[in-house]
There are 2 protein chains.
Amino acid sequence: MTEDEKFMHSAYLEAMKSLEEGGIPIGAVLVIDGKIVAQGHNKRVQKGSAILHAEMDCLENAGRLSAKDYAKATIYSTLSPCPMCSGAIVLYKISRVVIGENKNFVGGEDYLQANGIELVNLDNAECKKMMEDFIQNKPSLWNEDIGI
Amino acid sequence: MTEDEKFMHSAYLEAMKSLEEGGIPIGAVLVIDGKIVAQGHNKRVQKGSAILHAEMDCLENAGRLSAKDYAKATIYSTLSPCPMCSGAIVLYKISRVVIGENKNFVGGEDYLQANGIELVNLDNAECKKMMEDFIQNKPSLWNEDIGI
């Protein structure tokens with residue numbers, strides 16, 4: 001298992017935690033200098049939140065970081081980051097984004113790359129299956145989460 | 001005073017509330033069908049938050065809205081929305097953005113307009129003065145808020 005696969009598995013466990021809470025199964029972790037400094041998951045259902053996507057929750061849990069910290073950070077998300085989360089990544093100039101998959105949703109990938117951010121897609125089977133099942137089971141909740 | 005100026009004044013009062021709390025003076029209100037449905041202000045200092053910019057706080061306070069509601073909404077912000085806040089506006093397809101000014105900071109305006117969102121700049125003197133004074137007084141806090 002590569003480092004990226006290891007951290008993605010941590011993001012996957014965050015997503016599973018959300019699912020167990022009755023929420024949307026998307027998880028994220030923020031890694032700096034080879035260590036997880038924050039984790040998060042989608043909290044639309046749990047907190048009635050319009051902004052706590054997994055990546056946003058993870059950045060919020062990381063607290064106030066310096067530009068220097070963000071510059072050496074990698075954010076792992078089980079799913080391609082939506083325009084809001086991509087915008088947050090661009091704002092803070094997080095240098096690297098690793099995604100579990102983009103088969104179920106393609107977010108602001110062009111926007112990230114246009115801003116010089118490295119994007120890696122692991123095309124991870126467990127992430128794809130988890131999201132595919134969720135979208136099939138709760139399509140209206142999923143649509144709400146992506147503004148449809 | 002036009003409708004836009006009236007709602008911008010409400011956003012300005014939110015910004016002033018943040019300033020009184022020791023925070024960053026940026027405020028926002030969300031208007032649907034001619035009524036303010038939510039207001040918010042930057043809470044970096046107040047909550048140690050990396051994601052609660054004024055527009056994000058306002059969208060969070062609005063709660064879970066339908067795509068139909070977002071489509072007829074206007075968001076008012078005292079300052080040009082950063083990439084994160086612009087991304088949130090793009091995600092939810094909020095149709096109209098009114099800003100107090102963009103003299104002190106230019107955010108994701110091109111990104112908004114490329115996504116068909118109407119952008120109006122009121123070039124408001126009190127918004128400009130408030131932000132100019134704040135940036136002069138607390139440059140490092142301001143830089144942190146925009147990822148520098």
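**Entry 1: two loop residues**

I began with Asp123(B), which is partly exposed because its relative accessible area is 44%. Buried means under 20% relative accessible area, exposed means over 50%, and partly exposed lies in between, with a 1.4 Å probe and protein chains only. Asp123(B) sits in the loop between strand 5 (118–121) and helix 7 (125–137) of chain B. Helices (H or I, at least four residues) and strands (E, at least two) are DSSP runs, numbered from the N terminus. I noted that the phi of Asp123(B) is near 45°, a positive value in a residue other than glycine. Most residues other than glycine have a negative phi.

I then looked up Asp33(A), where phi is near 50°, again positive in a residue other than glycine. Asp33(A) belongs to the loop between strand 1 (27–32) and strand 2 (35–41) of chain A. With a relative accessible area of 58%, Asp33(A) is exposed.

**Entry 2: what I am looking at**

This is a predicted model, in which local features need pLDDT of at least 70 and side-chain atom pairs count only at pLDDT 80 or more, while totals for chains, interfaces and linings use all residues; side-chain values use heavy atoms, with hydrogens and water left out. Residues are numbered from 1 along each chain as its sequence is written, and chains are lettered from A and ligands numbered from 1 in the order in which they are written.

**Entry 3: the two chains**

How is chain A laid on chain B? I found a turn of 180° with a shift of 0.0 Å along the axis, and the RMSD is 0.0 Å. That is the relation of a two-fold axis. The same surface serves both copies, as 100% of the contact residues of chain A recur in chain B. Contact means heavy atoms within 4.5 Å. Copies are superposed by least squares on the C-alpha atoms of residues with pLDDT of at least 70 in both.

**Entry 4: aromatic pairs**

Rings of Phe, Tyr and Trp (its six-membered ring) pair if their centres lie within 6.5 Å; planes under 30 degrees apart count as stacked, over 60 as edge-to-face and the rest as tilted. By this rule I get seven aromatic pairs over all chains. One of them is the stacked pair of Tyr111(A) and Tyr111(B), at 4.3 Å centre to centre and 0° between the planes. Tyr111(A) is in helix 6 (residues 109–114) of chain A and Tyr111(B) in helix 6 (residues 109–114) of chain B, so this pair joins two chains. Both Tyr111(A) and Tyr111(B) are buried.

I also looked at Tyr70(B) and Tyr92(B), which are stacked at 4.3 Å centre to centre with 20° between the planes. Tyr70(B) lies in helix 4 (residues 67–71) of chain B and Tyr92(B) in helix 5 (residues 83–92) of chain B, so the pair ties together parts 22 residues apart in sequence. Tyr70(B) counts as buried at 1% relative accessibility, and Tyr92(B) counts as buried at 1% as well.

**Entry 5: helix 3 of chain A**

Is helix 3 (residues 54–62) of chain A mostly covered or mostly uncovered? I found it mostly covered, with eight of its nine residues buried. Among the buried ones are Met56(A), Cys58(A) and Leu59(A). Just after this helix, Gly63(A) takes a positive phi of about 75°.

Helix 3 of chain A packs with helix 5 (residues 83–92) of chain A at an angle of about 35°, and their axes are 8 Å apart. Axes are lines fitted to C-alpha atoms, for helices over the stretch in contact, and angles run from 0 to 180 degrees between N-to-C directions. On the helix 3 side I listed Glu55(A), Met56(A) and Leu59(A), which meet Met84(A), Cys85(A) and Ala88(A) in helix 5 of chain A. The residues of this contact divide into five nonpolar, no polar and one charged. Ala, Val, Leu, Ile, Met, Phe, Trp, Tyr, Cys and Pro count as nonpolar, Asp, Glu, Lys and Arg as charged, and the others, Gly among them, as polar.
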